[in-house]
Amino acid sequence: MNRLAVSFVLFSTLSSVGVLPAATLTPDKISAAVADRQDFQSPDGVQLTGWIGGRIAASEANRLVKIDTDRLLEGYRKRPGRQAWDGEHIGKWLHAATLAWVYTGDMNLRRKLDDAVVELMKCQLADGYLGTYLPQDRWTEWDVWAHKYNLLGLLTYMRYTGNTAPLGTCRRMADLLCHDLGDGPGQRDIITAGSQHYGMASTSVLEPMVLLYRLTGEQRYLDFCRYIQRAWEQPNGPHLLSHLLARDGVNHVGNGKGYEMLSCLNGALELYRTTGERALLDAAVNAWQDIVDHRLYLTGAATAGELFHQDGNMPNVGDVGETCVTVTWLQLNAQLLRLTGEARYAEQIEHVVTNQLFGAQRPDGAAWGYYVQMEGKKPYSDTLDGHCCLSSGPRGVALIPTFAISTDAAGIVVNLYDAGTARLALRDGSAVAISTETSYPADGRIRITVNPTASGTFGVKLRVPAWCREFTLQVAGEKVQPQFATDGYVLIERRWQPGDQIELNLKLEARIIAGDHGNDGRVAVLYGPLVLAIDTALLGAYGQNIGAVALASADPGSLKITPEPAPATLRLWSGAQVYRLHAIIRQSNDGFTKDTPMDIRLVTFADAGCNGSLYRVWLPLAGTPRQNLLREGRTSRSGPWGRTRYDGSFNDGDPASIADTFENKPATEAWFAVTLMEPTVVRRLVFVHGHTDHDGGWFVTEKGKPRVQVMAARGGTWETVGELKDYPDTTATVAGKLKDGARFECLFPSPLNVIAVRVTGVPASGDNPGQAFATCAELEAYQDGSNR
Ligand SMILES: [Zn+2]
């Protein structure tokens, strides 16, 4: 089969060049303008049987097969459905379940897919509408979005099953979008057609519209994609391309909403593949670089409150790490890997899959977490209501077999190491089977047996992770001096005989990462590719006080970090490990701190908290003086959801990063609060003023100084325990003697056991009486009574 003539681009992160799946693939009418550097595989050509394979199997068996498709279709059968974006789930499931069926060949799942597709098609209205809204509410919120997922799901299904029955349904959906939305007379603006997030939700329909254009060759679908590009740059649009091409941070694109923006970028890359317009690739690469450099959590998570924020504003908790963002980030990396062939994208894929994605999936595959944060409890849920992430997580998992091993112009590319097999067709048409024996990531030894049908000359590319400082490589029993190619892979080019073996030995070792900003004075521990976490389930008697555990040093050698087999409760696969190290327990009593040395065990972030216990990635270094107790907490404030004027954090230890309540409308109260993970004794509170602006930013004291309030138990009421008595006298228009960064302290009459604290007052309006807001640089709380 000719690779270019049949440009199998099934959806954003999958091509199936070379290996035919169980059924006939539907070919595209329009060839891609940009040839892929790596040919992703049809899932049936790859079988993974190690740790990664186990997670894929669990997702299929315990989530995708068991789904109640009547629940997925409910909002279509009885419009408007139970909530605004309930319509997205069926398309997301069709996408994941089709891939899972190709991977497993499970006929139960295939029957379920066939039935669901027929039932979904029945729900389409005569004019082509296939959303969950009533006629008067069409194109106002999330129904362009639902059309996106229905198109993606049905296109994937058609490609892999060869059953083109839904093609008419897809065309009618697309035709309706082209008719109703546009910048022509009588058409609706797509940016306001889904009022969410500067139109980034609705315009993410780009991805399936590109795919449908390539499948059908209909020019009007490409015209619609061009319209979306124009709409992005409208005054009310997100300015997606212009901002990214100017190398603005992704936090400046639209409102910085992660899931929708990354979805748009995945569509932009599909359009790049189709048209070759270089700016689309450049914009996506700039976004990728900005995220990697400034906005990616240690585990591969991104976003807090679902948004990208300014540099350094990366709280450990506060709706951190939406799983939909994790999956679209994975897809972005997969698209870039496929298009450019550069190992750095595969590096990110390994990292996000083995840490954040698996950390969000309950190990049995049946449930997923929505926000999977750097500490807390894993919020697993298997209820679709309000849980966009529950149908996103399995999409990410189902994609893994498509890129674990791929082919390229040189031959074979190994991107992920897991035990298993692959049947590959090289670009010259020759067939090669690969089998991998390893218990990676528990062990760095990887043996790959290369089995060409007949001996032949080609390359095998191995990815040596960036964290790996030492490795050895043998081919057919002989030591090889590794050569890194410009794409970042080690290339072994030779004449391969059936049965030739590659022995790659990656030295797994511990690394300590020093935190910054909010995690200043803390460290995180990694072992090989895996981020580790402390888990109360492994702390025995000290499990009640996770905050008492500290590390004595940031030197991996002196911490003596040693892997050992996981105890029974965490033995989730044959190689499961925990990691022993020297720690200290800090106990504070009446202002005296006693440090007791003790060995503890850490667990992988993927498995941390899987039985409902508390976990934490960032651990304090002992000897860090006077810890601000609120650094552990979750911030909230009055004012709008999402980005505000300064968009900073007020518990990150960085007074230059300022939070505010600016909403450009009047307000009579403004507050800044921190909620702690567990009840904590607090003696005094410090409020650091942010920035005095011409139009506000401070508290008005005419009716009293800003008040300090505490909450004793979760869900309780706020109780005033004091005020910022040194806060200067101000009015709504005059900030008086207030200086930026000034600190104000409130000493409580006695130590209080609290779950949350806040400072509240009347916000000032400055020279614009049409609004009012306050600012806060830091909120701090301490157990001791003195600042000296
Ligand atoms: Zn989500």
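In what order do the five strands of the open sheet lie? The legends below describe close-up views of a predicted model.

**View 1. The open sheet has five strands with mixed pairing.** The strand order is β1-β6-β7-β11-β14. At its edges lie β1 (38–39) and β14 (490–496), each of which pairs on one side only.

**View 2. Strands β6 and β7 pair in the antiparallel sense.** Strand β6 covers residues 405–408 and strand β7 covers residues 411–414, and three bridges join the two. In one of the pairings, serine 406 has valine 413 in β7 as its bridge partner.

**View 3. The zinc ion has four donor atoms in a tetrahedral arrangement.** The protein donors are Glu322 (OE), Cys324 (SG), Cys388 (SG) and Cys389 (SG), at 2.1 to 2.3 Å from the zinc ion. Because the donor atoms subtend angles of 96 to 121° around the zinc ion, the arrangement is tetrahedral. Along the chain, the donors of the zinc ion have the spacing E-x1-C-x63-C-C.

**View 4. Cysteine 388 is buried, and cysteine 389 is buried as well.** Cysteine 388 has a relative accessible area of 4%. For cysteine 389 the value is 0%.

**View 5. The second largest pocket has a volume of about 730 Å³.** Its lining consists of 31 residues, and Val292, Leu296, Tyr297, Leu298 and Met314 lie nearest the centre of the pocket. The elements giving two or more residues to this lining are α13 (278–295), α15 (343–360) and β16 (510–514). Helix α15 gives the most, with five residues. By type, the lining residues of the second largest pocket are 13 nonpolar, 10 polar and eight charged.

Terms used
Residues are numbered from 1 along each chain as its sequence is written. This is a predicted model: local features need pLDDT of at least 70, side-chain atom pairs count only at pLDDT 80 or more; totals for chains, interfaces and linings use all residues. Side-chain values use heavy atoms; hydrogens and water are left out. Two strands pair if DSSP finds at least two bridges between them. Helices (H or I, at least four residues) and strands (E, at least two) are DSSP runs, numbered from the N terminus. Donors are N, O and S atoms within 2.8 Å of the metal (3.2 Å for Na, K and Ca); water is not among the atoms, so sites may look incomplete. Four donors count as tetrahedral if all angles lie between 85 and 135 degrees; four count as square planar and six as octahedral if opposite donors are over 155 degrees apart and all others between 65 and 115; anything else is irregular. Buried means under 20% relative accessible area, exposed over 50%, partly exposed in between (1.4 Å probe, protein chains only). On a 1 Å grid over the protein atoms alone, a cavity is a set of points where a 1.4 Å probe fits but cannot get out, and a pocket is an open set with protein on both sides within 12 Å along at least five of seven lines; lining residues have an atom within 4 Å of a point. Grid points are joined across faces, edges and corners, and a volume is the space filled by probe spheres set on the points. Ala, Val, Leu, Ile, Met, Phe, Trp, Tyr, Cys and Pro count as nonpolar, Asp, Glu, Lys and Arg as charged, and the others, Gly among them, as polar.
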